Amino acid sequence: MKSLADLQAIRAKTLENINMRKDDKNAARVVVGMATCGIAAGARPVMLKFLEEIKEKDLQHVTVSQTGCIGMCRLEPMVDVILPGQEKVTYVKVKPDMVDRIVKEHLMGGTPVAEYTIGAAE
Amino acid sequence: MRDLSLHLLDLAQNSITAGASLVSVRITVDERGWLTMVLSDDGKGMSPELLQRVTSPFATTRTTRKVGLGIPMMMENAEKAGGSLHLKSEVGVGTEMTVTMDTRNIDCLPLGDLSGTLLSLIMTNPLAPDFLFEGKTAKGECRFDTREVRAALGGDIPLNEPEVAAWLQEALKEEMDPIFGGV
């Protein structure tokens, strides 16, 4: 049973992580398109899968956020991965079972999964 | 949209865009099977003119294209299930949307993963707004309030921190799934 009291312990650990990340030049971002089009195409399970993988692999430097519709609804769910010092990479028609490779090869390995990108789809 | 929880994920975004500091959702299923979902916020509200045309697919505030399908699709799905969608709004006060559906109707959408929707909303809006969820079915009542979580955790910690996210995921499931499972 989860109780609000658990959060006291979580607070201490989390503050430590936040402070470590402040000086981390590796901070990476995953941005999921979550407008009507993205959600209808299946963005929620994709986002939850990213959260799960990031937690499982303990990638403290990665944050997941969302964005609205960028006008290419037919390619949703779309996910941007932004690594420091690199150009943004946009993945299209992302399914939960594609997340594993994106996390391993791109977020952890630094090499985008070329066949999932918008460049390969267009 | 395949289920009500996905509609909720989408429609709550309107409240967030309206600058709400608290987004409240209450879902009840009464003993006759009528489902009522009330989504309310304290955002900037809508003018009577916007309120009148917002159920049209051709009304949107975004600039990337000229259609906005969130509210019209919810309305269509509610009406298919013998229900309705009503909006009340006041500029500077907020907006309240009430959706009803007859869960005995064959065209009624399933509820879907409500705790997943709430988790997604919190994860993608880790600093603000706060979310209050209340549910009531024949199986009981549930309640989840991110203001309580923030008070216990300290307001300076974003709720999408991995440790916090893991706690939220479990806590939301424990609170909501027993009440809404099987509706």
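**Strand pairing and chain contact**

Reply: In this predicted model, B:Leu35 has B:Met101 of strand S4(B) as its bridge partner. That bridge belongs to the pairing of strand S2 (residues 34-41) of chain B with strand S4 (residues 94-102) of chain B, which is antiparallel and extends over eight bridges. S4(B) also runs antiparallel to strand S3 (residues 84-90) of chain B, and seven bridges join S3(B) and S4(B). One pair links B:His86 with B:Thr98 of S4(B). S3(B) and S4(B) form a hairpin with three residues between the strands, where B:Gly92 takes a positive phi near 85°. In a regular strand the side chains alternate between the two faces of the sheet.

Next, the contact between the chains. On the chain A side 30 residues take part, and they meet 32 residues of chain B. Helix H1 (6-22), helix H2 (36-41), helix H3 (43-56) and strand S2 (62-67) of chain A each supply at least two residues of that side. H1(A) gives the largest share, eight residues. Sorted by class, the chain A side has 15 nonpolar, nine polar and six charged residues.

H3(A) also packs on helix H4 (residues 96-108) of chain A, at an angle of about 40° and with the axes 9 Å apart. The crossing of H3(A) and H4(A) is right-handed. H3(A) brings A:Pro45, A:Val46, A:Lys49, A:Phe50 and A:Glu53 to this contact, and H4(A) brings A:Pro96, A:Val99, A:Asp100 and A:Val103. By class, the residues of the H3(A) and H4(A) contact are six nonpolar, no polar and three charged.

Conventions. Residues are numbered from 1 along each chain as its sequence is written. Chains are lettered from A and ligands numbered from 1 in the order in which they are written. This is a predicted model: local features need pLDDT of at least 70, side-chain atom pairs count only at pLDDT 80 or more; totals for chains, interfaces and linings use all residues. Two residues are in contact if their C-beta atoms, placed from the backbone, lie within 7 Å. Helices (H or I, at least four residues) and strands (E, at least two) are DSSP runs, numbered from the N terminus. Ala, Val, Leu, Ile, Met, Phe, Trp, Tyr, Cys and Pro count as nonpolar, Asp, Glu, Lys and Arg as charged, and the others, Gly among them, as polar. Two strands pair if DSSP finds at least two bridges between them. Axes are lines fitted to C-alpha atoms, for helices over the stretch in contact, and angles run from 0 to 180 degrees between N-to-C directions. A crossing is left-handed if the near helix is turned anticlockwise from the far one by less than a right angle, and right-handed if clockwise.
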